[in-house]
Amino acid sequence: MSALPMAIAFALALNFVLVTCFIFPGWLPSGLAKMAFWVGLAVWGFLIVRSSRELPELVAPRVISEAPDEFPAAHAAYLRGHWERAERLLGDVLAIEHRDPPALLLLAGVYRQTDRLESARMLMKEIGRLEVADHWFLEIAAEQLRLDRAADRLNQAEIEEEKSREERHTDRQDDTPSDSNAADMTDSSRMAA
């Protein structure tokens, strides 16, 4: 999206030069139109060279980065159950390459393990939108299944907790005498006196 305004400006300039050279040659003097053409060609060449220098960083930022690859350490921390350390290391990995499918999947797993299911769901949606994650469809499906199971377990635990709260509440009501009966007794004892 950042290159879109430049592409639109270049397309407009190219179309203007082509129209002034071939369709309406009287709009600009021929020397000015030819000079605009050559300037446009030079700018286009400069932008191609600049983009080709930035291309390796866009395609493989982890290879270009001088920072060490923290993914193996994050994976080991995840397997040991050190969720906070794994999340911190995955943050370092994603700071270098924010569209890394294995790191994003592992981060979704950390969110699932720490019961942040809504964050995990949102991350899984983002992973599903990434074109680079197409080759990871089996792992994405497996993590989504684990996430759904965790959500079901959490919902079931909430339902059971609600039932136990209701049972405790009804048990408390059965154990204590009702206030209305106590009030009736005091009224009847006053009448008798």
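Modeller: Happy to! Let's begin with a term: a residue is buried if its relative accessible area is under 20%, exposed if it is over 50%, and partly exposed in between, using a 1.4 Å probe and protein chains only. This is a predicted model, where local features need pLDDT of at least 70 and side-chain atom pairs count only at pLDDT 80 or more, while totals for chains, interfaces and linings use all residues. Residues are numbered from 1 along each chain as its sequence is written, and side-chain values use heavy atoms, leaving out hydrogens and water.

By that scale, Trp-83 is partly exposed, at 24%, whereas Tyr-78 is buried, at 15%.

Now the rings. Rings of Phe, Tyr and Trp (its six-membered ring) pair if their centres lie within 6.5 Å; planes under 30 degrees apart count as stacked, over 60 as edge-to-face and the rest as tilted. Searching the whole structure gives 2 aromatic pairs. Phe-10 and Trp-44 are stacked, because their planes are at 20°, with ring centres 6.5 Å apart. This pair links distant parts of the chain, 34 residues apart: Phe-10 sits in helix α1 (residues 4–23) and Trp-44 in helix α2 (residues 30–59). Helices here are DSSP runs (H or I, at least four residues), numbered from the N terminus. Phe-10 is partly exposed, at 28%, and so is Trp-44, at 43%.

Tyr-78 and Trp-83 are edge-to-face, because their planes are at 65°, with ring centres 5.2 Å apart.

Next, the helices. Two packed helices are described by the angle between their axes and the distance between the axes. Axes are lines fitted to C-alpha atoms, for helices over the stretch in contact, and angles run from 0 to 180 degrees between N-to-C directions. The axes of helix α4 (residues 71–80) and helix α5 (residues 83–96) come within 8 Å and cross at roughly 160°. That makes α4 roughly antiparallel to α5 (angles under 35 degrees count as roughly parallel, over 145 as roughly antiparallel, 65 to 115 as roughly perpendicular and the rest as oblique).

Contact means heavy atoms within 4.5 Å. From α4, Phe-71, Ala-73, Ala-74, Ala-77 and Tyr-78 meet Trp-83, Arg-85, Ala-86, Leu-89, Leu-90 and Val-93 of α5.

Finally, Tyr-78 is also among the residues touched by Arg-112, not counting residues up to four places away in sequence. Arg-112 lies in helix α6 (residues 101–113) and is buried, at 10%.

Note on methods:
Helix = DSSP H or I, 4+ residues; strand = E, 2+ residues; numbered from the N terminus.
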